[in-house]
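Work through the exercises below with the coordinates open. Each task is followed by a stepwise solution.

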Amino acid sequence: MRYLILGSGPAAIAAAKSARNLDGKAEVLIATEEHAAPYLRPCLPDLVSGEMELSAFADPQAKDLPGLRIEVRGGKRARRVDAAKNRVAFSDGSEETYNFLLVATGGRPILPLSLMGAPGSFLFLNSLGDARRVRERAMRSDTTVVYGPGYLGIEAARALRHIGLQVAWVNPGLPRFGNPISGDVEARVTEQLRGKGVKVVEGTEIADVLDVDGRTYSVVTAGGEEIRCSLIVVATERLPNIGFLEGSGVKAGAGVLVDEYLRTNVSNIYAAGDCAEVYDINRRESRINFGWRSAIKQGQLAGENMAGGGKVYIRNTEDYFGLLYGSPLPDRAGS
Ligand SMILES: Cc1cc2nc3c(=O)[nH]c(=O)nc-3n(C[C@H](O)[C@H](O)[C@H](O)COP(=O)(O)OP(=O)(O)OC[C@H]3O[C@@H](n4cnc5c(N)ncnc54)[C@H](O)[C@@H]3O)c2cc1C
């Protein structure tokens with residue numbers, strides 16, 4: 001039996017380990033676009049702020065993979081899935097076959113149209129590489145604009161302010177996907193950020209970005225306000241990374257559509273984590289349950305079910321941001 005798992009986030013690692021647990025003889029291969037070893041994505045703001053060293057970033061879930069004979073191959077971005085031939089083509093020109101495939105490719109932040117005309121002005125905060133770039137550029141900057149709703153916007157603003165930058169947080173409002181953090185918590189944390197000197201610009205979009213001199217940018221909000229900065233950090237919601245499934249016959253909505261066993265409409269292809277739109281049997285609806293713990297839970301279940309587990313996924317709200325990785329948000333923003 002050969003299990004091929006796409007992605008190296010928490011869903012992928014949990015799935016690989018639970019498939020191995022039930023199927024000791026199988027070949028289990030994780031193929032990921034990342035070059036870095038699996039890491040703690042929720043702690044990226046702490047790398048930007050300097051509160052955490054790079055050496056502390058390894059995902060503890062992944063430390064026993066070699067002992068479990070689970071291979072991780074990096075630098076492999078899935079480009080196309082041929083479901084009829086049980087084969088995945090990668091952007092490095094290679095191909096891998098499988099008996100069972102798990103799509104655990106997570107999400108990627110949305111880029112607002114208004115930023116597309118000023119490519120040098122912004123950086124994302126989504127991957128380890130992004131966080132290193134943001135930190136490096138922030139150390140040479142004095143003023144930054146953070147764009148993004150809710151938790152991710154708050155965390156990016158907090159981290160940049162921590163290293164002494166002037167920060168303006170443009171918060172467009174409620175995230176359109178996933179569960180937003182509670183209004184009370186957001187209001188409290190926003191006040192804490194204000195208290196630390198972060199300028200909060202709420203309920204508006206970035207309408208335009210003008211390159212002033214190749215180092216300074218003028219951010220124009222939909223409300224007509226103009227903010228000068230040397231860097232824009234895009235901390236927007238993450239949309240599922242599933243473009244490579246086009247033409248495969250695997251059905252997708254906003255994410256890969258899976259049933260309560262995390263199985264797609266193609267019986268030997270499963271999906272888990274932030275890329276999956278999971279059927280919630282209690283609410284009788286499909287939804288994406290973003291979040292680190294949710295990804296681990298889904299990954300474990302998908303791995304078991306690929307190996308014949310037959311278990312039903314039951315969502316509970318704590319799987320989302322109710323239980324944050326690390327310390328709770330108000331404690332972080334207030335520290
Ligand atoms: C800055 C930040 C802070 C966060 N903080 C928290 C928090 O405090 N609490 C919380 O619960 N959640 C937090 N999250 C969200 C959390 O990180 C995600 O919910 C979680 O990582 C989802 O896990 P996953 O395994 O589904 O996907 P991911 O962790 O996104 O992993 C997907 C992997 O697939 C790879 N990949 C993508 N496309 C391909 C492809 N075509 N081929 C091969 N590989 C591919 C990606 O490079 C990535 O390594 C945060 C996210 C960010 C960006």
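**Exercise 1: A salt bridge**

Arg238 and Asp274 form a salt bridge, with 3.1 Å between the closest N and O atoms. The model is predicted.

Solution. 
- Step 1. The rule asks for a side-chain nitrogen of Lys or Arg within 4 Å of a carboxyl oxygen of Asp or Glu.
- Step 2. The Arg238–Asp274 distance is 3.1 Å, and the pair is a salt bridge.

**Exercise 2: The domain interface**

Task: locate the two domains and describe the interface of domain 1 and domain 2.

Solution. 
- Step 1. Domain 1 covers 2–41 + 60–106 + 241–319, and domain 2 covers 109–238.
- Step 2. Their C-alpha centres lie 31 Å apart.
- Step 3. Nine residues of domain 1 contact seven of domain 2.
- Step 4. The two domains bury about 690 Å² between them, with 51% on carbon and sulfur atoms.
- Step 5. Of the area buried by domain 1 against domain 2, 57% comes from Tyr39, Arg41 and Phe290, more than from any other three residues.
- Step 6. Three residue pairs make polar contacts across the interface.
- Step 7. On the domain 1 side, the touching residues are four nonpolar, one polar and four charged.

Technical notes. Residues are numbered from 1 along each chain as its sequence is written. This is a predicted model: local features need pLDDT of at least 70, side-chain atom pairs count only at pLDDT 80 or more; totals for chains, interfaces and linings use all residues. Side-chain values use heavy atoms; hydrogens and water are left out. Domain bounds come from an automatic or database domain assignment. Contact means heavy atoms within 4.5 Å. Buried area is the accessible area (1.4 Å probe) that two parts lose on being put together, summed over both. A polar contact is a pair of N or O atoms within 3.5 Å; within protein, one must be able to donate a hydrogen and the other to accept it, and residues adjacent in sequence count only if both atoms are side-chain atoms. Ala, Val, Leu, Ile, Met, Phe, Trp, Tyr, Cys and Pro count as nonpolar, Asp, Glu, Lys and Arg as charged, and the others, Gly among them, as polar.
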